[in-house]
Amino acid sequence: MGIPLQPFNVVDAKHAFAHSYNKVGENKGLPRIWLEGKGLANANFVKGTFYKIQLIPESMELVLTMVSTPDEDTRKVSGRKQPNGTVKPIIDLSFLDILTVTRGAERVRSDFHVNQIRISVHHLERKRMEREARLKANLSKGFVSHGVLCCGIGISAAAAHDAFHAAGINLKTDFIIDREQRYLECALQNNHTVTNNTKVFNGTLEEIEPSLLGHVDCLSFSLSCVGHGASGKAKNKIELAEEHPTDATGVFGLMRLVESTQPAILTSENVIPAMKSATFILLKKMLELLGYNVSEVCLDASKTHSVENRPRYWFVATSKGLSKADLEKSFPTFKKHYHNLGEVLEPIPDESDMWRDSAPKISKVMANKEKGHFFKFNQVTPNDATIGVCGRFYQKDRKTEPHLTRADGKYRLLTTGELSRCQHVPQHLIHNTSANTAYEGLGQGIDYRQGLGVYCVVFKDVLRPIIQELAKAA
């Protein structure tokens with residue numbers, strides 16, 4: 001694990017009269033920290049003066065202190081003459097022992113005091129190292145801690161649990177968050193990744209207080225997709241997802257929680273249009289700034305062989321000191337379990353009142369067509385290998401979503417059990433749940449195999465190299 005991280009002297013930092021954030025460069029294979037300009041002069045580090053260097057590896061600091069008399073351990077401030085006749089002081093630090101302080105960090109902060117300069121590893125780099133060290137420490141004990149935002153009924157959380165369990169890792173779900181109480185109740189009742197030790201938050205991401213959450217190794221989230229899809233834009237009369245009246249600010253709440261929980265791994269899923277939205281472009285750029293590498297992929301039934309074709313955009317962000325997940329290359333191959341819709345169907349009698357006359361639907365479609373609206377009545381049969389997406393309000397019998405149709409023209413909606421099989425969702429996740437909650441939970445959830453595959457990639461590309469490294473060090 002290396003030298004434990006100790007906090008640097010925050011009081012000293014607050015007393016500084018100036019701060020400079022600098023990159024750690026390289027010179028002839030050695031780490032290099034370059035300081036120049038007015039800050040040095042104001043701290044009395046002018047050309048020709050002398051200073052000593054003190055390395056403090058425990059707190060990741062390097063201290064430069066002015067001395068009046070040079071000796072064999074002192075260094076001299078150099079300088080460069082400017083066009084206006086003044087001399088710009090320069091300190092060029094380039095030696096191997098800097099690594100005992102920076103530990104490979106790419107950025108530092110310099111705090112300027114009179115007669116002293118304290119150089120410490122950049123706060124974002126410290127946080128990166130700390131979260132990576134936490135993950136490695138927990139993996140050495142056989143577990144990974146997990147937090148779930150926008151949990152729903154927890155299909156993605158269950159997929160993460162199952163993928164890690166199959167790899168021999170215990171996934172401890174520390175907390176789940178959702179703004180809909182019904183979904184949380186369903187997860188508490190049925191989801192095998194939720195335990196008595198899991199803290200539950202019923203609220204929006206914007207209102208959750210970060211201080212109530214601890215650090216986690218993995219954080220998964222599914223920001224609301226309503227504003228990203230075409231139907232959501234039409235319904236809310238908006239052109240951009242960022243105009244949505246209630247969901248647009250979720251990303252700000254998300255980033256507050258990310259910075260508080262400091263996960264080493266983040267996973268996200270959403271509808272395909274979210275990938276190119278301003279929200280996700282800025283989100284990914286911010287994660288890169290915070291020290292993460294982002295891998296992304298678009299998945300559908302061609303990858304999972306699920307009956308329902310639910311295209312989704314996924315990304316995995318891993319702390320930069322860890323291996324990067326390669327979602328395109330490492331996503332596993334799944335065998336086809338159901339060959340067509342007929343194999344997931346339940347034996348619903350022909351006389352059941354679940355069967356409805358399709359004539360009114362067809363008539364409405366024709367009337368809308370004359371008005372220039374070309375939404376089709378989506379009819380499917382048992383022989384269909386795949387069907388379209390059954391959304392959050394599938395139970396409202398919307399004409400554009402799949403309707404199982406008989407030879408006599410009568411149709412019915414898929415049951416919640418049939419729909420869960422179409423998505424490969426473990427059926428116990430909706431056990432003893434109201435039909436509305438089950439339909440909504442499945443409708444806004446994921447293709448379970450997509451989640452399972454993504455977390456298999458996380459294990460293979462990110463966690464397994466750490467486990468192998470730990471085994472070698474043991």
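## Contact between H4 and H15

In this predicted model, the residues Leu 135, Lys 136, Leu 139 and Ser 140 of helix H4 meet Leu 463, Ile 466, Ile 467, Glu 469 and Leu 470 of helix H15. Sorted by class, the residues in this contact comprise six nonpolar, one polar and two charged.

H4 spans residues 123-140 and H15 spans residues 448-473, and the two helices pack with their axes 10 Å apart, at an angle of about 70 degrees. Because angles of 65 to 115 degrees count as roughly perpendicular, H4 and H15 are described as roughly perpendicular to each other. Their crossing is right-handed.

## The seven-stranded sheet

Seven strands form an open sheet with mixed pairing, in the order E13-E12-E11-E14-E15-E17-E16. Its edges are strand E13 (199-202) and strand E16 (292-299), each of which pairs on one side only. On average, and with direction ignored, neighbouring strands of this sheet are turned by 15 degrees against each other.

Within the sheet, strand E14 (residues 218-221) and strand E15 (residues 265-270) run parallel and are joined by four bridges. Phe 221 stands opposite Ser 268, which belongs to E15.

## Helices packed on the sheet

Helix H8 (residues 250-261) packs on the sheet, where it touches strand E11 (143-149), strand E12 (170-178), E14 and E15, and the direction of H8 makes about 170 degrees with that of E14. H15, the helix that also packs with H4, likewise packs on the sheet, touching E11, E14, E15, E16 and strand E17 (312-319), and the direction of H15 makes about 20 degrees with that of E17.

Terms used. Residues are numbered from 1 along each chain as its sequence is written. This is a predicted model: local features need pLDDT of at least 70, side-chain atom pairs count only at pLDDT 80 or more; totals for chains, interfaces and linings use all residues. Side-chain values use heavy atoms; hydrogens and water are left out. Axes are lines fitted to C-alpha atoms, for helices over the stretch in contact, and angles run from 0 to 180 degrees between N-to-C directions. Angles under 35 degrees count as roughly parallel, over 145 as roughly antiparallel, 65 to 115 as roughly perpendicular and the rest as oblique. A crossing is left-handed if the near helix is turned anticlockwise from the far one by less than a right angle, and right-handed if clockwise. Contact means heavy atoms within 4.5 Å. Ala, Val, Leu, Ile, Met, Phe, Trp, Tyr, Cys and Pro count as nonpolar, Asp, Glu, Lys and Arg as charged, and the others, Gly among them, as polar. Two strands pair if DSSP finds at least two bridges between them.
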